Amino acid sequence: MTSRPPAHLPFSTLIRDATKAQHTRAEGSTFMSDMLSGRLGVEAFTRYTEQLWFVYRALEEAAVRLDGDPVAGPFLRRELFRLPSLERDLDHLHGSGAWRGTLTPLAATESYAERIAQVASDWPGGYVAHHYTRYLGDLSGGQVVRGTAEKNWGFAHKGDGVRFYVFEDIPNPAAFKRGYRELLDSVPADDEEKWRIAGECGRAFSLNTAVFEELAAPAPAGG
Ligand code: HEM
């Protein structure tokens, strides 16, 4: 559950504080810990990357439609787009193009992508919540995941396999994050709407955690 934060905080602080406990849970999830500790092999990293492809396809297909929207539009920065990098990583992990048409979303991933598509079509503020939860996370903790993946499985530094985590067109992530937080702080929304968006950030975290749980679950027998 997202706890209700004090209304006087800047919106960027408000949503970070509201999702803090969920962040800790996501970070410490069994799948993340097992993958990053090296207990799981590169195939777990590959399965995770495959699921991210469905999430970013939903986020970035919607971005085209929301371009120019007064609430979501300012967040849609081309330099954040991850789908081309994810596709290069999948080419590397599977052999060029071999994965196309063969990937299957987990049930949790399907629900996650459906929620993104839903808010993108009827609630731009909700879309901002999903945008924030993924892209600001990728610019932050994503860098920890990249470093560990390079070490665990021998990917070239910032190279094929981990390009998803490399924002080539964002030379200064700290400055970019500051600018992103300023955008959040000036989002045209009243307090009630800000609270709803904070709640949707909580939902976005839960949807991510559900994907981790399904990734951690043993594969069905006979599959
Ligand atoms: C092993 C996994 C993870 C690690 C090590 C990690 C680590 C971090 C760190 C160190 C920051 C702070 C960066 C800063 O202060 O600028 C951060 C921020 C963030 N992370 Fe994570 N994280 C992980 C997983 C996740 C996941 C699964 C999500 C959600 C999908 C997520 C979403 C975020 C968001 C939205 C922020 C920005 C918070 C803000 O400043 O508003 N993280 N993460």
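The briefing below covers the ligand, its iron atom and the residues around them.

This is a predicted model, in which local features need pLDDT of at least 70 and side-chain atom pairs count only at pLDDT 80 or more, while totals for chains, interfaces and linings use all residues. Residues are numbered from 1 along each chain as its sequence is written, and side-chain values use heavy atoms, with hydrogens and water left out.

**The shell around the ligand**
- Of the 19 residues around the ligand (those with a heavy atom within 4 Å of it), His23, Tyr132, Gly141, Lys177 and Arg181 come nearest.
- By class, this shell holds eight nonpolar, six polar and five charged residues, where Ala, Val, Leu, Ile, Met, Phe, Trp, Tyr, Cys and Pro count as nonpolar, Asp, Glu, Lys and Arg as charged, and the others, Gly among them, as polar.

**Helices that supply the shell**
- At least two shell residues come from each of α2 (20-27), α3 (30-36), α7 (124-139), α9 (173-185) and α10 (191-216), helices being DSSP runs of H or I with at least four residues, numbered from the N terminus.
- The largest share, five residues, is supplied by α7.

**The iron atom and polar side chains**
- His23, which has its place in helix α2, is the single protein donor to the iron atom of the ligand, through NE2 at 2.1 Å; donors are N, O and S atoms within 2.8 Å of the metal (3.2 Å for Na, K and Ca), and water is not among the atoms, so sites may look incomplete.
- A polar side-chain atom of Tyr132 lies 2.5 Å from an oxygen atom of the ligand, and for Arg181 the distance from such an atom to a ligand oxygen is 2.6 Å.

Technical notes: Polar contact = N/O pair within 3.5 Å; in protein donor to acceptor, adjacent residues only side chain to side chain.
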